[in-house]
Amino acid sequence: MAFELEDSAGFVQSYKSLQLDLSPPVKKPFQRVQVEVKKKKKKVNGSAAVSVNQSRAKRKKIRNKLLKAAHKEESKKAGPEITQEEESVTGESLDAVMTELTKVNNSRERASKLFHWLIKPVPAKSFFRETWEKKPVFVQRKNPDYYKGLFSTAEFDRILREENIQYGVNLDITSYVNGKRETHNPPGRALPFTVWDFYESGCSVRLLNPQAFSSTVWNVLSILQEQFGSMAGANVYLTPPGTQGFAPHYDDIEAFVVQLEGKKHWRVYSPRSEDEVLPVLSSPNFDQAEIGKPILDVVLEAGDLLFFPRGFIHQGICLPDAHSLHITISSYQKNSWGDLLQKVIPAALEVAMEEDVEFRRGLPLGYLTYMGVQNSDKEDKRRVKFLSRIENLMKRLPNYAPVDAAVDQKAREFFHDCLPPVLTPDELATSVQGAPSRWEDSEVKDVGVHITTQTQIRMLRAGCARLCSDGDAVHLCYTTDNSRVYHKEELKSFEIQTELTDAVEFLIHSYPNFVTVESLPCDSVQEKIALAELFFEKGIIHTAEPLQAPPTVQSH
């Protein structure tokens, strides 16, 4: 049964989904880290003070050693947590919202505020408690300019003209006529002459990964990925009047359909069975006879929003009087408990076989004569005993589960998926990207940066770097050098020396506060400054104030 939420922004319709218990087990498994990293505990040296030129050569030697280790490491490579409810941004237009967000000091708070604006007037807490992964919701605003500036058909035309858009890689041409879904991609580059001809012939156009070509989409997604703790992706769909580009189907992502231009008639259907609730993979195309009656039947106009969880079948058709342009923002692909356990269980078995003799004992003689499919209908006491032994071993398995190590594997995948951050003007001025080094008046000026023990630093973003262990060493994974093109490059990481892990953890956990280089828990002043210089050069940290180049020493 639907309920309505009235306010000045419009109204919201919500529909109940299947009454299923989708919550994880209450019992918390025993967590055991596979590899314990031995770290030296050090006192914070808060009293050391050095002059500008003191031990400069020694610091440079340490920094170069760290950089060499990082380059060596890189050359080897070829639901979301709900925090305290934040107040939404006050701006209505996207430009006003993004401008306001540049003044927000904490990237987690920035992500929360942008998400509030995206789904307004639905409260975020109730959304994640009652709607996320459970049921669709339709937000009607009667405000065609609400999402204006996010993306447009005019920008799409510009991208076709200026960027190297390839069929099948960046763009798909599709149609759905008389129950048949087809893709019409020719080989090669997608140029306006051909794309617009397809469109005029009644074909839909799908632009994949628009964040690679649109700086605004990139900015929005790079912020939202911190809200979800999972990749935030997007596709843009342009549909001619009176046509449909895709057959009914369900996806393996949580989808936010943002209507940008025109309008589109959407129908959403419940999962057909419990097996299709929160599916691991997207579905094939369905016939109309296979999907039953819709639970949601609405027309999205510019400024409206439609959310539906993975597993909910959906189809959209353009009305005869207007084209449709929408962007689908998605997240939570392959981010389930099961996906995590796929990493935990094999690792737990490996540890259990090393440490518990019961997992190494041989299988009973003759077990093939009473176990297996051909023997599954037999009444045999030996089968009961065999299955009981399996059950007992599985009950012991959580004692060996390296949960934190498995979470770190998931984190590495997320970091590989991440978009790099879009820097605010203040961040640009205080990070390596805004460093003053330049060519001027036939010479290089302001080379190097001047970091001292009193320089205040912090991580560039709350989630831009993370310590992870692969069992043999500790690495710092980071996103600041990622590409806007999905997986164009390998995951960025470098090894962290064991004696420096405390300092890195201190930096990560201090966010959003700035800390002085002097406060880093390292053994020496040289290590403190060398670590700060390395992180600055990698774009992982920024400073409270713009750095100045070291003063020029004049000889007499």
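These are my notebook entries on a few spots I looked up in this structure.

**Ground rules**

I am working with a predicted model, where local features need pLDDT of at least 70 and side-chain atom pairs count only at pLDDT 80 or more, while totals for chains, interfaces and linings use all residues. Residues are numbered from 1 along each chain as its sequence is written, and side-chain values use heavy atoms, with hydrogens and water left out.

My helices (H or I, at least four residues) and strands (E, at least two) are DSSP runs, numbered from the N terminus. For burial I use relative accessible area: buried is under 20%, exposed is over 50%, and partly exposed is in between (1.4 Å probe, protein chains only). When I write contact or touch, I mean heavy atoms within 4.5 Å.

**Entry 1: two helices that pack**

I started with a pair of helices. Two packed helices are described by the angle between their axes and the distance between the axes. Axes are lines fitted to C-alpha atoms, for helices over the stretch in contact, and the angles run from 0 to 180 degrees between N-to-C directions.

I looked up H8 (residues 337–355) and H10 (residues 403–417): their angle is about 125 degrees and their axes are 9 Å apart. That makes the two helices oblique to each other. For the cut-offs, under 35 degrees is roughly parallel, over 145 roughly antiparallel, 65 to 115 roughly perpendicular, and the rest oblique.

H8 passes H10 in a right-handed crossing. Right-handed is when the near helix is turned clockwise from the far one by less than a right angle, and left-handed is when it is turned anticlockwise.

Which residues of H8 and H10 make the contact? From H8 I noted Asp339, Leu340, Lys343 and Val344, and from H10 Val403, Ala406, Val407, Gln409, Lys410 and Glu413. I sorted these into 5 nonpolar, 1 polar and 4 charged. The sorting counts Ala, Val, Leu, Ile, Met, Phe, Trp, Tyr, Cys and Pro as nonpolar, Asp, Glu, Lys and Arg as charged, and the others, Gly among them, as polar.

**Entry 2: the cores**

In soluble globular proteins, nonpolar side chains tend to be buried together. A nonpolar core here is a set of buried Ala, Val, Leu, Ile, Met, Phe, Trp, Tyr and Cys residues joined through side-chain atoms within 4.5 Å.

The largest nonpolar core has 60 residues, and Phe115, Phe127, Leu171 and Phe256 touch the most other members. Helix H7 (residues 215–228) gives the most to this core, with 7 residues. I then clicked on Phe127: leaving out residues up to four places away in sequence, Phe127 touches Phe115, Ile119, Val122, Trp132, Val137, Phe256 and Phe307. Another core, of 34 residues, lies apart from the largest one and includes Ala465, Leu500, Leu507 and Leu547.

The buried ones are Thr501, Asp502, Ala503, Val504, Leu507, Ile508 and Ser510.

Where are the cis peptide bonds I looked up? One joins Lys120 and Pro121, with omega about 10 degrees, and Pro121 lies in the loop between H3 (107–119) and H4 (124–131). Another runs from Tyr511 to Pro512, with omega near 10 degrees, and Pro512 sits in the loop between H12 and strand E19 (515–516).

Asn209 has a positive phi of about 50 degrees although it is not a glycine. I found Asn209 in the loop between strand E6 (204–208) and H7, and at 26% relative accessibility it counts as partly exposed. His487 also has a positive phi, about 55 degrees, and is not a glycine. His487 is in the loop between E17 (474–478) and E18 (492–496) and is partly exposed at 35%.

Is Gln211 buried or exposed? Gln211 lies in the loop between E6 and H7, and its 2% relative accessibility makes it buried. Leaving aside neighbours within four places in sequence, its contacts include Trp218, Leu221, Leu419 and Arg484.

Thr479, in the loop between E17 and E18, is buried too, at 3%. With that neighbour rule again, Thr479 is in contact with residues including Phe415, Cys418, Leu419 and Cys464.

Pro425 is found in helix H11 (residues 425–429) and is exposed, at 59%. The C-alpha atoms of Pro425 and Thr102 are 7.7 Å apart, though 323 residues separate them along the chain.
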